[in-house]
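Subject: Model for your review

Hello,

Here is the structure we talked about. Please look it over before reading my notes.

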Amino acid sequence: MSWTPILIAAAGCYALKLAGLSVPERLLEGVRVRRVATLLPVALLAALIATQTFDGGVDARAAGLAAAALAVLARAPFLAVVAIAAATTALLRLLT
Amino acid sequence: MIVRDAIGIGVATGTYGVSFGAIAVAAGLSVPQACALSLLMFTGASQFAFVGLIGSGAPAAIATALLLGARNALYGLRLAPFLRPRPLAAHFVIDESAAMAVRDNAEDTRLGFWATGLAVFVCWNLATLLGALGGAALSDPRVFGLDAAAPAGFLALLAPRLREREPQAIAALAAVAALIALPLVPAGVPVLIAAGVAVAAALARGGKRGEGEARAPRAGGDAAGADRRGGEAPRAGGDAAGAGAAA
């Protein structure tokens, strides 16, 4: 396989990261802009959770996420939350 | 505390880094090419999409990787005031580091970002190498439920930021918007649409109400905050589940 697409895609992804960090600070100083910038990660992560769980339909991943939500409520540490979600999903697939 | 969480996140991403390495090699990349993607592109969703699509042509693979990478630019808007030097910091702007950087003060923001970015970088790259060498046996992330690990991890990262009503509403709205868009647009775009919808809603609401209002719930104190978190954290997941069932 050619290296060219790998390097182009990697350079593009880096450029996107740098572009976000390089927006002039005076454009980010307004109260509204700052509020939006603060809420963006919340919106992006929530959207990611939804799409990664339900892309391709509802399956065992949904149960994994529900188990993760319960673990979060029980204040389980990060790794435990992830492990519980993976184990629940794998177990459900094994049983069905 | 922050550093311990960061290392935990690194270890967790390592588990699906193994899948990535194996999938990349199964898709026809050499071991050095799989490792180069993790070292140079270093943004998981884009990498998975790239190796998934490269078989059907470079343009589609590159375009989808960039669409999925576009959200990193949006994280940058929030992180820009805190991170120097920018050309170095930029490489570590990913979902996990951005999530861990959502903190109340500048020092914790920087620590959350750098500790998580570096921990994930080390683990992700080691795991990619392992997976690439390990071969096809490791290439199906579904076997160990690892396809549920990433969203669960993001939920754990997001939950502490959902103590107040506004982020809860934004999160629920973004999840629903992304699920509605999911079957209609190319990969990577639903998340961007969701961010747009959420921001528009926040601005509309911000215009109607005063600036001080958003800060008010925080005065509730730790106990109230903890209760609220306990009671409402799953709401985003619950809404998402409902919308998913409907979609």
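Below are the notes, starting with numbering and confidence.

**Ground rules**

This is a predicted model: local features need pLDDT of at least 70, side-chain atom pairs count only at pLDDT 80 or more, and totals for chains, interfaces and linings use all residues. Residues are numbered from 1 along each chain as its sequence is written, while chains are lettered from A and ligands numbered from 1 in the order in which they are written.

**Confidence**

The predictor gives the complex an ipTM of 0.93 and a pTM of 0.83. pLDDT is the predictor's confidence in each residue, from 0 to 100. For chain B its mean is 84, and 83% of the residues reach 70 or more. Residues 210-247 of chain B are below 50, though this stretch has 54 contacts in the model beyond near neighbours in sequence. Where pLDDT is low, the predicted coordinates should not be read in detail. Two residues are in contact if their C-beta atoms, placed from the backbone, lie within 7 Å.

**Chain B fold**

Chain B has 12 helices and 0 strands. Helices (H or I, at least four residues) and strands (E, at least two) are DSSP runs, numbered from the N terminus. Buried residues make up 55% of the 247 in chain B. Buried means 20 or more other C-beta atoms within 10 Å of the residue's own; exposed means 12 or fewer, and partly exposed is in between, with C-beta atoms placed from the backbone. Among contacts in chain B between residues at least 6 apart in sequence, 71% join residues at least 24 apart.

Helix α7 of chain B covers residues 106-134. Its 29 residues reach 41 Å from first C-alpha to last, close to the 42 Å expected. The expected span is 1.5 Å times one less than the number of residues. Just after α7(B), B:Gly135 takes a positive phi of about 85°.

**Domains of chain B**

The assignment gives domain 1 (1-161) and domain 2 (162-247); such bounds come from an automatic or database domain assignment. Their contact takes 11 residues from domain 1 and 13 residues from domain 2. On the domain 1 side, α4(B) gives the largest share, 6 residues. By class, that side has 8 nonpolar, 1 polar and 2 charged residues. Ala, Val, Leu, Ile, Met, Phe, Trp, Tyr, Cys and Pro count as nonpolar, Asp, Glu, Lys and Arg as charged, and the others, Gly among them, as polar.

**Interface with chain A**

93 residues of chain B are in contact with 65 residues of chain A. Helix α4 (residues 58-79) of chain B supplies the largest share of the chain B side, 16 residues. That side has 69 nonpolar, 15 polar and 9 charged residues.

**Core**

The largest nonpolar core has 122 residues. Such a core is a set of buried Ala, Val, Leu, Ile, Met, Phe, Trp, Tyr and Cys residues joined through C-beta atoms within 7 Å. Helix α2 (residues 31-54) of chain A gives the largest share of this core, 14 residues. Among those with the most contacts inside the core is A:Ala68. Beyond its neighbours within four places in sequence, A:Ala68 is in contact with residues including A:Val81, A:Ile84, B:Ala152 and B:Leu155.

B:Glu96 is found in helix α6 (residues 95-100) of chain B. Why is B:Glu96 classed as buried? Because 26 other C-beta atoms lie within 10 Å of B:Glu96. Leaving aside neighbours within four places in sequence, B:Glu96 is in contact with B:Ile9, B:Thr13, B:Thr116, B:Val120 and B:Leu157.

Best regards
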